Amino acid sequence: MPSVIIDKNHCKGCELCVKACPQQILQMSKTIGVKGYFYAELFDSSRCIGCKLCAVTCPDVAIEVVTHGTSFVLYDY
Amino acid sequence: MAKVLMKGNEAIAEAAIKAGAKNYFCYPITPQTEVAEYLAKRMPEVGGVFLQGESELAVANMLFGAAATGKRVFTTSSSPGISLMQEAISYMAGAELPTVIVNIMRGGPGLGGILPAQSDYFQSVKGGGHGDYRLLVLAPSTIQEAVDLMMLSFHLADKYRNPVMMIGDGMIGQMMEPVEFPDKFEEDELPEKDWAITGAKGRKPKVAKSLFLDPHALEDNSWKLHAKYEEMKKHEIRFEKYKMSDKNEIMLVAYGTMARICQTAIDHLESEGISVGLFRPITLFPFPLQQIQDEAVKKNIKKVLVIEMSTAQMMEDVERAILGKKQIDFYGRTGGIVPSPEEVVNKIKGMVAKKAKSKKTAAKKTSKSKKKA
Amino acid sequence: MSIKEKTIFARPDSMTDVVTHYCPGCTHGVIHRLVAEVIDEMGLREQAVGVAPVGCSVLAYNYFNTDFLEAPHGRAPALATGFKRLRPDMTVFTYQGDGDLISIGMSEIMHAANRGEKFTTIFVNNAIYGMTGGQMAPTTLQGQITSTCPAGRDLDKTGHPIRMVELLSGLVTPMYLERVSVHSPRHIIQAKKAVRKAFEYQNANKCFSLVEVLSTCPTNWGQTPEEATDWLEKNMLSYYPLGVKKDSFGEGGDR
């Protein structure tokens, strides 16, 4: 199952990934990272399709995308 | 190699190549455009890079980029062009990039004129750009010396990782004189250029930069530069004395072409029984302060006369050297006027005669007072 | 038998693991990543040299894992020219903002492009001066409010915003010019193709290449990152149309 790993201390809480996620499974946390920003977090990894749009749009390379087993190329990147 | 008759501008160009500097960026400006014209043909012969930029400002920044590779790079220009280069020169000093810049000076300020002058002394010696930095400044007075100092400039630039400027008035660029080039430019050992930007292969990335937002880092960098300039003061001061002896009544201080004119004047005065000596600084920074003072304070020297093709710029450094221990006079022509030996002779005769007159008037005074008593 | 976990998106090697100083939502970070990804994919990291401008991205060398030069404001194309002429074997790119490239550096970029210097320029157009706190830039739009045109840009006083790739495309020298944007994932994905093409042209020693990247500046536009992407979409795309402006060595090229 694909999933994302969000680095709390790189995220600056810009929320662009939340808007970008087609599955709408990202939200902003209630606690803050080391820089004092509310960081993004995945709240329903079961519905993550590994499309990487969150990571593509993240201006701080705070999101890593992983998967298990096969992964499909949805677009050339 | 045998002597060859060459124009200053072309000799300077060839000297650079002899010193292994095969990367030249330029912009046309009288009175030194022949350097570019010569190198436009010559650089391809030696597999060098020749590029005419869109402005001296751009050219100086190309120099920064080229110098970062660690190769020997240079440019030549003249007064207004050198003004346009000041920003990049300050950056190269801050980033400790070795480069050589030649200024074949013309009359200023502003568009000024195109004839020889020495009115860029302050700009080159006191730093024309912003920040705590200096340039090592060399001033040749003959075409052969321009060749020798041009080659030396590349060595010193690498030795101190600092821009070096060679300044000559228009004559140095336009005159033709026989010159000799060494078969091989012999140099002392130089440290490895481990600072050069060569691509982060097998090492951490490097940055050629002068920005230090943290004031402590910037201060450290500035004091590091300062230490280099102190080293230059210890090891790189160069000057020449001409007919200086304990018979001299007057001591001249002049550099570049002006010094050669003074030598002619000195020879002429000598034939008239007036002994005058010349102190010629070759490095304008580091300036031979102590050496000038040592000569000026000698008892036989009645007065020091500074002669420049400007309205008195090196004069301030000579005053700093002598600290009021001896009276200093100035004679200068500027705007492109090159003083003739006769002018210098007449100026000195005027100074000597005044003294003689003052001796006579003193004598008269004493005789008058005697009469009164 | 547990299925091995595979990483399908991660920080490129050519990018350092440093938290950037850019404001939250500022798309400089995206553009940095695109350039770093392309450098990785083409295996150019160890021979790449970036030239940083003066502006928000003056500290770009802290975020790239490549050698860098730091240029005086507007002069990056001249530094890149000097370096590339001596080291044509290396991959040289300048990374510049609109104030740096169009305002003070107009002469340098025009002549470097016209000489056909074989380096790549990544030109970030966010219609404002970012680092100095939001002043009017040559690309500031009509009526757009900045700290030096507080009543909105008045074209009668300041002239019109400059369309740089169109301006450059008027030069006869063969080159590759494209304008892209990074205000949405789709645009980012397409933008990367242009960045890749630019570096390919350099790598094949073909021509000068420049990619203009429309970018957001939430802080100085006075908007949230999300609002800024919408503002860009509504206001900048019409004035700064995306697409290839000149591709001398492409299929329909003018070569």
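Reader: How far is the sulfur of C11(A) from the closest cysteine sulfur, and in which residue does that sulfur lie?

Author: A disulfide is a covalent bond between the sulfur atoms of two cysteines. The criterion applied here is a pair of cysteine sulfur atoms within 2.5 Å. In this predicted model, where local features need pLDDT of at least 70, side-chain atom pairs count only at pLDDT 80 or more, and totals for chains, interfaces and linings use all residues, side-chain values use heavy atoms, with hydrogens and water left out. Residues are numbered from 1 along each chain as its sequence is written, while chains are lettered from A and ligands numbered from 1 in the order in which they are written. The closest cysteine sulfur to that of C11(A) belongs to C17(A), at 6.3 Å, which is too far for a bond. Over all chains, the structure holds zero disulfides. C48(A) is likewise in no disulfide, its nearest cysteine sulfur being that of C54(A), 6.8 Å away.

Reader: Is C11(A) buried or exposed?

Author: Buried means under 20% relative accessible area, exposed over 50%, and partly exposed in between, with a 1.4 Å probe and protein chains only. C11(A) is buried, at a relative accessible area of 10%, and C48(A) is buried at 9%.

Reader: Which residues touch the most other members of the largest nonpolar core?

Author: A nonpolar core is a set of buried Ala, Val, Leu, Ile, Met, Phe, Trp, Tyr and Cys residues joined through side-chain atoms within 4.5 Å. Of the 128 residues in the largest one, F74(B) and M150(B) touch the most other members. Helix α7 (residues 143–160) of chain B gives the most to this core, namely eleven residues; helices (H or I, at least four residues) and strands (E, at least two) are DSSP runs, numbered from the N terminus. Contact means heavy atoms within 4.5 Å. Apart from neighbours within four places in sequence, M150(B) is in contact with I12(B), A15(B), A16(B), F74(B), V100(B), V102(B) and M166(B).

Reader: In what order do the strands of the eight-stranded open sheet follow one another, and which stand at the edges?

Author: Two strands pair if DSSP finds at least two bridges between them. The order is β9(B)-β3(C)-β2(C)-β4(C)-β5(C)-β7(C)-β6(C)-β8(C), with mixed pairing. β9 (207–208) of chain B and β8 (243–247) of chain C stand at the edges; each has a single partner strand, so one side of each is left without a neighbour in the sheet. Strand β6 (residues 175–181) of chain C runs antiparallel to β8(C), joined by four bridges. L177(C) has K246(C) as its bridge partner in β8(C).
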